[in-house]
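Here is a short briefing for a reader new to this structure. Please look at the model first, then read the points below.

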Amino acid sequence: MTDMLNEHLKKLEPYRERICAGILPHFIGGAPDPGSSGLTFENLTPVDNSKLCDVARGTAAEIGRAAEAAEAAFSDWRKASGKARKQILHKIADLIVARREEIALLECLDTGQAIRFMKAAADRSAVNYRYFADRAPEAADGLALPSDEHMNYTTRQPIGPVGVITPWNTPFMLSTWKIAPALAAGCTVVHKPAEWSPLTATILAEIGQEAGLPPGAHNLVHGLGEDAGVALTVHEAIRAVAFVGESATGSKIMAQGAPTLKRVHFELGGKNPAIVFDDADLDRALDAAVFMIYSLNGERCTSSSRLLVQRSIHDAFVEKLAARVRNIRVGHPLDPETEVGPLIHPVHFDKVMGYMDVAKADGATVAVGGTRNAFSGDGNFVSATLFTGARTDMRIAQEEIFGPVLTVIPFDDEEEAVRIGNDVRYGLAGYLWTGDVGRAHRVAQALDAGMIWVNSQNVRHLPSPFGGTKASGIGRDGGDYSFDFYMETKNICIALGDHRIPKLGA
Ligand code: NAD
């Protein structure tokens, strides 16, 4: 164990004792709420699968109370001035920063994500709040659309109480990405976080209250997808559902929300290609490809999980790649040396490990890894894994594995690269590496994905649209796109004078 790991473990203990003491409660109407059913579920740490805490297990009853609280709070929060919302959201950001160490350490323990990435989780989340705080005063802005005899103008109004359902991969950051714009728009929120990573959602709800949100503006109900999640998506008072998670769950939520005509926003799975042409800066391409699949344990929707390498450079590039993958440090998530931590849950660990056999059965080569990592027998540690010699029709090239596992596929020319790049049901992100400007534009236009990065890893710019095509999602987040989801656009048409009105029955 490194000294820094010991230090982190020591610092973590008081945070852990506080948040894991007793049963982790819901947060409804501005206060912790133990739930009425007495039901709980266990929350494990992926480090060794020991129990971190029991968590209140919400049902339709808790969702009902949270939705009522959100509905009651909506009438005041929607009327709060943009300036008032801005101030409170900035205060939330301040409090997130003040608790940055606690958030980072607990997130690592709860999810298995490495501290080298999670140490920025709170700061990035605070930036999300600040970004939307600053835009709150202009959220209602619209357009003037004059015609000859009328003045049309548009304005936006918050849609109402919304449901936010989030996954376990980077739960704190993702929750802020959804909840901050909803609150900035004037909506109130019922949040149902993933059952495998509930800890930091509780911190966020506490912070919202401390910052001065009206009670009921930000509610939190812990629970399983099949009961609390379903109840949220069918509740009459919830006007829209922002969901981040698997594509199959998105389909279910769309069906569940249909009877109450829910507006939905989906950020779903990905099987994103990173395409490396032989005229690229190959050293930078290598750094980015390795980073985009082995950071965040590969549990990343925008991971470059398919690496398409031009055949003329394939063997040399893959040799360097394999050397890097062999060096990836798997270890305790709180150790600053660790690059890949344990996967979230034994069920997910088994899913990822299952692909090692799938790869062999399909005829690909397991060039590196492919095994449980020796770091700890009890935790969900997978060795950084590289599959080579793959074809696009193999399951390892088609299915989202969501672990530190990269599939390499060779291609001959631009046309084949685009064909393979698009040959999946997903369309979230694409990465492309070339020194030819014309090719960069051609391929970026031809790839069927919501986001393309050229000669770059995934670098987010908050005003730009984030989201996917095909089975990767519906809608876009970021900047004004978020307000379009959380708000209704209203057109107001005013006659400028005595225009002609048809006279019936005159
Ligand atoms: P998941 O779909 O299993 O669960 C996500 C959330 O949905 C959880 O809170 C769960 O309890 C809830 N849920 C499950 N069934 C439900 C139902 N029937 N009704 C309502 N809620 C329900 O996803 P996961 O395994 O937690 O997360 C991993 C997935 O998330 C991956 O596919 C990944 O690509 C995706 N993801 C996408 C993005 C993106 O921006 N596109 C970002 C992060 C993760």
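In which strand does Thr469 lie? Thr469 is part of strand β21, residues 469–470. Strands (E, at least two residues) and helices (H or I, at least four) are DSSP runs, numbered from the N terminus.

This is a predicted model, in which local features need pLDDT of at least 70, side-chain atom pairs count only at pLDDT 80 or more, and totals for chains, interfaces and linings use all residues. Residues are numbered from 1 along each chain as its sequence is written, and side-chain values use heavy atoms, with hydrogens and water left out.

**Thr469**

- Thr469 has 19% relative accessibility, so it counts as buried. Buried means under 20% relative accessible area, exposed over 50%, and partly exposed in between (1.4 Å probe, protein chains only).
- Leu428 is 41 residues from Thr469 in sequence, but the two are 6.0 Å apart in space, C-alpha to C-alpha.

**Overall build**

- The protein contains 17 helices and 23 strands.
- Its radius of gyration is 24 Å, close to the 23 Å from the globule rule for 506 residues, so the protein is as compact as a globular protein of that length. The radius is taken over C-alpha atoms, and the rule is 2.2 Å times the number of residues to the power 0.38.
- Along the principal axes, the C-alpha atoms fill a box of roughly 85 × 60 × 35 Å.
- Buried residues make up 58% of the 506.

**The shell around the ligand**

- The ligand is surrounded by 29 residues. Lys192, Glu195, Thr249, Leu268 and Glu400 are the closest. A residue is near a molecule if one of its heavy atoms lies within 4 Å of it.
- The shell has 15 nonpolar, eight polar and six charged residues. Ala, Val, Leu, Ile, Met, Phe, Trp, Tyr, Cys and Pro count as nonpolar, Asp, Glu, Lys and Arg as charged, and the others, Gly among them, as polar.
- Helix α10 gives the largest share of the shell, four residues.
- The ligand lies between domain 1 (3–268 + 472–491) and domain 2 (273–454), because both give residues to its shell. The bounds come from an automatic or database domain assignment.

**Contacts and cover**

- Three pairs involve an oxygen atom of the ligand and count as polar contacts (N or O atoms within 3.5 Å).
- For Glu195, a polar side-chain atom lies 2.5 Å away.
- For Glu246, a backbone N or O atom lies 2.9 Å away.
- For Gly225, a polar backbone atom lies 3.3 Å away.
- Of the 850 Å² of accessible area that the ligand has on its own, the protein covers 92%. Areas come from the Shrake-Rupley method with a 1.4 Å probe.

How values were computed:
A polar contact is a pair of N or O atoms within 3.5 Å; within protein, one must be able to donate a hydrogen and the other to accept it, and residues adjacent in sequence count only if both atoms are side-chain atoms.
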